[in-house]
Amino acid sequence: MKTARNEALAWMAGFVDGEGSIFLSDGAYGNGKRQLKPHLEVSNTKRVSLERFQQYFGGSIVHYRRKNPHHKDLYIWIVAHQKAALALSQLLPFLIIKAG
């Protein structure tokens, strides 16, 4: 149902606005020419929150164990290149902070 999908995208956009990073990486890819490629990352201490991103857009979830026992472990969902561009194109209508 389109409404349920829009609700999910709006929920994810809120996470991106609050806990996400959008950036371009500069490097040589495949053909050796320098290119800018989009990256999208969202971090949280609850892996389950990031699994929805992975279900919708693919990418990877990385687990960082904290050395300080008073700090919770951190999970980061990472998607890059074409998958990041697709995710951003779908999230953009719902972004508030990072849309500007």
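## Strand pairing

In this predicted model, strand β2, comprising residues 33-44, pairs with β4 in the antiparallel sense, and six bridges link the two strands. Within β4, W77 is the residue that stands opposite V42.

Strand β3, which covers residues 60-64, is also joined to β4; these two strands run antiparallel and share five bridges. Here H63 stands opposite Y75 in β4.

Strand β4 itself spans residues 74-80 and is mostly covered, with five of its seven residues buried.

## Helix α2

Helix α2 extends over residues 47-57, and its buried residues are S49, L50, F53 and F57. Viewed down the helix axis, the buried residues of α2 lie within an arc of 85°, and therefore they line one face of the helix. V48 and Q55, by contrast, are exposed on the other side of α2.

The buried residues of α2 pack against several elements: the helices α1 (2-19) and α3, together with the strands β2, β3 and β4. After α2 comes G58, which has a positive phi near 80°.

## Helix α3

Helix α3 is formed by residues 81-91, and A84, A87, L88 and L91 are buried in it. Seen down the axis of α3, these buried residues fall within an arc of 95°, so one face of the helix is lined by them. Helix α3 is also among the elements against which the buried residues of α2 pack.

Terms used
Residues are numbered from 1 along each chain as its sequence is written. This is a predicted model: local features need pLDDT of at least 70, side-chain atom pairs count only at pLDDT 80 or more; totals for chains, interfaces and linings use all residues. Side-chain values use heavy atoms; hydrogens and water are left out. Buried means under 20% relative accessible area, exposed over 50%, partly exposed in between (1.4 Å probe, protein chains only). Helices (H or I, at least four residues) and strands (E, at least two) are DSSP runs, numbered from the N terminus. The arc is that of the directions from the helix axis to the C-beta atoms. Two strands pair if DSSP finds at least two bridges between them. Contact means heavy atoms within 4.5 Å.
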